[in-house]
Each structure stands twice: as C-alpha cells, then as structure tokens.
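Student: I've got the model open and I'd like to go through it chain by chain. Can we start with how the chains meet?

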Amino acid sequence: MASEFELSRNITIGQYVPTGSFIHRLDPRIKLLVFTILVLAIALNTSYVGNALGLLLSIYLFWVSKIPVSYGLSGIKPAIPFIIILAVLQLIFQGNVFSGGTVFFEYGFILITSESIRLVIVSAVRFVEIILLSSVLTLSTSTTELTHAIQSLLSPLKKIKFPVHEISLIITIAIRFVPTFAIEMEKMMKAQASRGADFGSGEWWRIIQRTKDMLPIIIPLFNIALSRAEDLILAMESRCYTPGNERSAYSVYKALVGDYIVLIIGLLLSLLLLFYPFPY
Amino acid sequence: MRGKPIIEIENLFHTYMKGTPMEHVALKGTNMVVNEGECIAIIGHTGSGKSTLIQHFNGLIRPDSGKVIIDGIDLSKKRIDIKALRRNVGLVFQNPEDQIFEKLIGDDISYGPFKLGLPIKEVRERVKWAMNMVGLNFEEMKDRQTFALSGGQKRKVALAGILALKPKILVLDEPTAGLDPKSRNELLDKIKSLNKIENLTVIFVSHNMEEVAYLADRVYVMANGKDVLSGTPIDIFTDKEKLQRYQIGTPETVQALYRLKDLGYNVDTSAFTISEAADEIIKVLTNGEVENHGK
Amino acid sequence: MEPIIALENVSFSYKINETHEVSVLKDVSFSIFPGEYVAIIGHNGSGKSTLSKHLNGLLTPGSGDVWVRGHNTKDASRKLDIRKAVGMVFQHPDNQIVATIVEEDVAFGLENIGVPREEMKQKIDEALEVVKMSEFRKRPPHHLSGGQKQRVAIAGVLAMQPDCIVFDESTSMLDTFGRNEVLQVMRKMNTMGMTIITVTHRMSEAAEADRIIVVEDGKIVMDGKPRDIFKHKEVLMELQLDIPAVSQIAEMVHIQIPNFSKELIQEEELINEIKRVSKARSGEVV
C-alpha cells in the first residue's frame, strides 16, 4: 500500500538513475542538443503517424537507457487531470479554429470536426512524449553534466555579456534541490497531519478553504527554503564563489565518434518529423 | 504499574518507492510490544528503520505486510478511523519547531484542538494544560510572537501543540537533538513527568545514551530494518558483546566502568548516573577490592 | 609568532528596525595562532555563531577590526585571500553541498579560485583521502549518511588548502557515529598542522581541543587550556554548559578521597588516577 504522503515517488525531475547505459555515457552537450531538437520537432508535428513515431521513439529511449518506462510514466500521473481538462476544452472550443475535415457534430458554437479531434489526440500524445523525453534526459544525466551541457551550449552568448555561468549554476541548484524539497514537503505534511490537519478532503470547488488548509505547510516550507538558501549562500561564499569571476572547470567532456553519430541520427529524425508529409 | 499492550507490531515490512528504481526496503520483519504507561527508547543507526517504524504508530505509513495494532486499531484493515488514531497517538517529528506556522504561540498550539472541532472553552483549557505541561506560562506566553523565541522554547511550543490533542501515546523522534544542556534537561524532565505523572505511554528515538538511561523503562535496538535487541537499559548496556556487534554507544560512565572491570576491578557496570559511577569508584578505592592489578 | 586570525575590540549588532538594535558581540579580542586547536563554546544565543562568521569575513564588525593573515576583513579587495586562508564547514550537511557528484562538489571551491584542471585532480584525491571518502568520489552525495556528507564538505574546504578551518556547529546535526567520524578527521588534520577552530555547545567536544574560549552574552568570559577551564565548574554550570562526566566523577570522588585529583578531563586520566590511588592505598594497607 503506497503511503498517501509519498510525494518524492512521482517526482522524476532531478532524480538521476545511474544504470551506466549507452544513453548515460553520451556526451551531455550532444545529448541535451539532440533532445532539445527532438522535443521541438515533436512539438511542431501535428500528424498521427508522426506522433506515433515520436511515442515509440521515447519508449525506445527508455528501454535503451535501462530505466523502466513505468517510472517515466509515473511522472505523468500528476498531470493527467490537467491533460483531460485541456483536451475537453480544446474539443469544445477549437473546432471553429481548426475547422477543416469532416464535421461530426455541430450545436451552437460547438463544432467537432475530424481536424479538431486530431488536434486533441495529437496534443495529448505530444504532451506524454515530451514528458517522457525530458524524463529520459534528466534520469540519465547527472545534474552536473546537465549544467556543463547548458553552460557550453549557452557559451556563445557570453559575447553579448550574458551571465552564462551564473544562469547555469542557478539551474543546477534549482534542480538539485527539487528532491530535497519534495522530502521536506512530505515531512511537513506528515508533521501537520499528526497535529490533526487534513489535506484535500474538502470539496474541490472550495478553493479558498483548500488554500487555507495548505497554509500550515506553505508557511513553514517557505521559512525552511529561506533558511536553506541563506546557508547555501554562506557556504558558497566561504568557498570563494564570486559572481562574475572566471572559474576553471574540473569536468571536461570530449565528444567521440559515437556521440556525433547520435547527433546525426537525432537531426535526421527531427527533420523527418518536421518536414515529411505524413499521410495521416 | 505496567498495563496491557497498547502497541503490538508483528513481522512488519515496509518498502519505499515500490516499483521504482529507487525502491528501498526500510523494514524487514520488525516486532515490538509496548505496554500502557511504559517509556520505551528506540535506538539504532541512521537508516536502521526507526523513523519508518514510528510513522506506523499514527498511520502516516500503513503496513505493507505484518500486523500493526495501535490502541485496539488494526492498521492492516482498509478502513480505519485515522482521525481517532492520530488523536490518540501524538507524533512529534525531529526539529518540530519547523512546523510552527502561526504568529502567536497560543494560536499555534490551538491549531490541533480546533481541528478536532472542540468548543472554544475546551480548546482554551487544553492549550493551558499543554503549555503548563511543557513549562510555559499560559497567561504570560500565549500572546507572544513565535518567531522571536529561542530554539528550546520553540520546541516546547511544538510539543505543546501535540499535547493539546491529549494523546494517550506520545512518540518523539530525537526530542533533544540540537538543544543546549539546560533546555535538554528541562525537556527530559517534562517528558519524564508526562510519563510518570500524567501516565502517557512514551516512545522516543534517541542517539544520546545518557538520555536513554535516564528515561527509558525498556530499550529496542534497531538494525537493518529489524529489532535486534530489546530489554531494560541495564540489560542492554551491560551486554558488551552485543553493544559492539550493533555498534551501540554507551553512556560515558558505563564506558569508564567497563574499562575498570577489564583491568580487574570489581565494579558494577550498570551504574549509569554520574553519582552512581562515582560511588562505585569510591567503593573500589576504599575497600581496596582489587582482584588483580592491571594487565 | 604571527597570528592567523586576530580580533581587536570587535563589536557587532543586528538591526531589528530603524530604532532598535540588538548587540550581539561586545568588545571581543583574541588571536588564533598557527597549529592551534581551539574550541569556541557557548550556549545557543551566546553570540558564538555570529562570532564565527567574523572569522572569514562573512560578517564584518560594526566597530573594531578582524585581521586574517594581516588583511583586514573590511577590505573588500582582500575577500578572496581571506577566504582562501580560512575555510568554513557549516552545521547542516545538506545545505553546503552544491554539486550532485562527490568529486564535483569537492572541486567547486577549486573551480572558483581558478585552479587548473591538472592540479585539481591531485588536490581532490588528497583531500578525499584525508577524510577517507575516496571510494565515494563518483557517488551522488544525497545518498550518504550525515557524517559522510560532512566529511565531503570538509574535503571541499581542505582541497583549497587553507591555513585554518572553522567548524561552525558542524557536528550538531549528526548522530554519535557521524560525530565521532568528524571529530577524528578534525584531530587528524590538526596533527597534520592545520589550525582548527570548532564552534560548539558540547563540552565533550571542546575537551578535545588544546584551548577553549568561552563566550557568553557576546563577551569572552574565559580563555585557556581545557584543564584550567574545567576548574571553574560553578561558572560553567551558571553558563548552562555541560561538564564532562569524567570531570564530575572526579570531583565527587575527590570529596570522599581527598588525594584523588579532581582535575581530570579524559577517560584515560580517570583510569590512570584510579590505578594510582588504588596502588597507593593498597600500599598503605600492606
């Protein structure tokens, strides 16, 4: 029986699962680049076949990285109500915008066509694909690798005085503290539940009441976050961190032939998704 | 003095993050019986399963398998009165001062009783009683700001917040961690009087062996998700071989007495308190009861 | 000998609002010399934590001066020199780890001061070796125990080869084993020549040091060798500080048996004193 408080269970961001697979060993810069391009290509593809391909690809990538797909899917669970609401809204209101194809149903302003149905299904699948792809990326890449990747991909921006180091450090720390805060929140919910608090039992439309119920968690969490941030700043300052200073790098990455092959395959797949005229 | 069993745990298993790559078995067949009115210490390393175990006591975690009966409520049943359970078992987390969220002390302590739906008069009575129990003056302190308190006082407020639920069983996770000696001793005395005078069943997790020796009637030692040893503090602290096997620390006094015993002095190693230990040494020195000098 | 850190009439107060200030440090002066092992002890709220943050310029005094290796901590241009000279390990193991791999975290400070990559590797190796964490170098830190995390944090500071390391309540979140691990590392680094300053409220930890500075209400009330400090039991009790069990036992035995020394601190000394007195006594009888 899973505990009602096991929050960290459904958080797949910031969790690194070291299985040592091929995907794990890829040069993080190339990995990040390929995944970014793939996600963009999928986001722009509106065909059934294209998205079916994308879904297969994301599941295949899980398989290659030796991480159970079910774990990636658990990251989608919290988003399901959101996906459904979005789909229903799209179905009702978008028919007039994407009005091509056969008309299935028409009543007042509601217009359901084969095109609007396509839109609804494709966007739901697309959402799943994107979550899966970003999960594979973060589950197979340590935060440090990710930062280095972001940093080197952004490094051309240094020329226009963009604070590349700072931004990538902020991203690392943010990602690194996601699981920590999930644990902290879990602990706080349990502590307040032990004092008689109950969460989420009120009717969902009583938003004010439900928000008020969350205050015993939100206020202490906010305090904890602040004091942690303060500690972290002191610790970083003591270790000579000075924003804007030139830093050296301990980890350097060298892309190998295999990495470039992956890059080329990734690019080709993205081009296919973007420009191939899929029949459906 | 000792009543009937109020907590019965048999062959309890618990796995975290089941079905994910982070799966982790925290409890592997734990057994425990706590009788009404007892004061029980649970000791063991970080990661031995102590926190997981105590979270079963008020149903924050439900058993994966095994029997957990708390004050007559069987937790392996699907439908239980979880509110009644949480009312009867007050669980105080580590660093409970983190959970304070109201601006005024009185408001924070009354959160629990209000959630129980008690009339305001009863709430007031309970807050007064709880503050009194932890040594905070009701009239003087109830309208003070919570953020301006010292660490020790904050912890008392948090403890009062649980006591105001009037639990039968009080469970504390490292109640004195991070407190200075004065606040620590005060808090220990309060816990002792809750147990001995108010007759609460007390279960606490601790790393401090002096504290265990001072408070506990019985001790459970946890290792690797199992209860590996249990008995009175004397049983535990005098079993040198097991102490070493499970890497359990001993009170400083006991440690010194063990070394004397090893050197051949006739001392009683179950003397925990400082004055008892001093008496032992005086006895040895005045009677000249030395069986063999040094090694 | 030149001191590493010198405080001269340091006072500091926190502003609560426009009109109110709380005075935390009041005219504090002392010096720390190379190779010392110093414990700064005081109960919570005595000002010891504020004091420790003055030792590497995280805070600068309201009046008076702090000198680190001859640099005034108020001189912002010397900030990096000061922090390179005095490293600091904090209380909460989780809040001082920046990276997600042990060795990357140890590298963080070295990266900040621009150490070339080739030198970094060796420094990280050595630092991890001293704290006995070499086998964990590729692991993510959040799976380590509290004591292990603190040792990683120590390695991160040690790799930068400071002259002095300040431990700001670094053992207070740890269990007995974690604490002993960290204390052992502190002792070891001190014998290797590192200056150690530990800020604590535990007397048993302070007893490990060669010198104890007792802080109360923002002032230094005692400064001396542990043996001399523990002579003033009444004062320590008044300051809400623990006295080591050995010391208390010795005192009690001394009352009954006057030639039993009351000035004992460590277990070893207690055992030896018992041997000595019991030998002397059995000698009397025979």
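Student: How many residues does the contact take from chain A and from chain C?

Tutor: First, some housekeeping: this is a predicted model, where local features need pLDDT of at least 70, side-chain atom pairs count only at pLDDT 80 or more, and totals for chains, interfaces and linings use all residues. Residues are numbered from 1 along each chain as its sequence is written, while chains are lettered from A and ligands numbered from 1 in the order in which they are written. Two residues are in contact if their C-beta atoms, placed from the backbone, lie within 7 Å. On that basis the contact takes 27 residues from chain A and 33 residues from chain C.

Student: Which element gives the largest share of the side of chain A that touches chain C?

Tutor: Helices (H or I, at least four residues) and strands (E, at least two) are DSSP runs, numbered from the N terminus. Helix H7 (143–154), helix H8 (164–194) and helix H9 (207–238) of chain A are the elements that give two or more residues to that side. The largest share, 8 residues, comes from H9(A).

Student: And by class, how do the residues on that side of chain A divide?

Tutor: Ala, Val, Leu, Ile, Met, Phe, Trp, Tyr, Cys and Pro count as nonpolar, Asp, Glu, Lys and Arg as charged, and the others, Gly among them, as polar. For the side of chain A that touches chain C, that gives 12 nonpolar, 8 polar and 7 charged.

Student: Now chain B. Which helix supplies the largest share of the side of chain A that touches chain B?

Tutor: That contact takes 27 residues from chain A and 26 residues from chain B. Helix H4 (69–74), H8 and H9 of chain A each supply at least two residues of the chain A side. By class, this side has 16 nonpolar, 7 polar and 4 charged residues. The largest share, 7 residues, comes from H8(A).

Student: Where in chain B is the pLDDT below 50?

Tutor: pLDDT is the predictor's confidence in each residue, from 0 to 100. Chain B averages 88, and 97% of the residues score at least 70. There is a stretch below 50 that still has 14 contacts in the model beyond near neighbours in sequence, and it is residues 289–295 of chain B.

Student: What does UniProt place at residues 7–249 of chain B?

Tutor: UniProt positions are given in the numbering used here, feature names are shortened, and annotations may be inferred rather than shown by experiment. In the model, that span is 38% helix and 25% strand, with its end C-alpha atoms 27 Å apart. The feature, from an unreviewed UniProt entry, is "domain: ABC transporter".

Student: Back to chain A: how far apart are the end C-alpha atoms of residues 162–183?

Tutor: An unreviewed UniProt entry annotates several stretches of chain A as "transmembrane region", including 32–62 and 162–183. Residues 32–62 are 90% helix and 0% strand, with end C-alpha atoms 16 Å apart. Residues 162–183 are 91% helix and 0% strand, and their end C-alpha atoms are separated by 34 Å.

Student: Why can chain C be called as compact as a globular protein of its length?

Tutor: Chain C has 11 helices and 10 strands. The radius of gyration is taken over C-alpha atoms, and the globule rule is 2.2 Å times the number of residues to the power 0.38. Chain C counts as that compact because the rule gives 19 Å for 286 residues, close to its radius of gyration of 21 Å.

Student: Which helix of chain C gives the most to the side of domain 1 that touches domain 2?

Tutor: An automatic or database domain assignment gives domain 1 (5–231) and domain 2 (244–286) of chain C. Their C-alpha centres lie 36 Å apart, and 7 residues of domain 1 are in contact with 5 residues of domain 2. With 4 residues, the one that gives the most to the domain 1 side is H8(C).

Student: Last one: is Gly147(C) buried or exposed?

Tutor: Gly147(C) sits in helix H5 (residues 146–158) of chain C, and its contacts include Leu174(C) and Phe177(C). A residue is buried if 20 or more other C-beta atoms lie within 10 Å of its own, exposed if 12 or fewer, and partly exposed in between, with C-beta atoms placed from the backbone. Gly147(C) has 23 other C-beta atoms within 10 Å, so it is buried.

Note on methods: Lists of a residue's contacts leave out its neighbours within four places in sequence.
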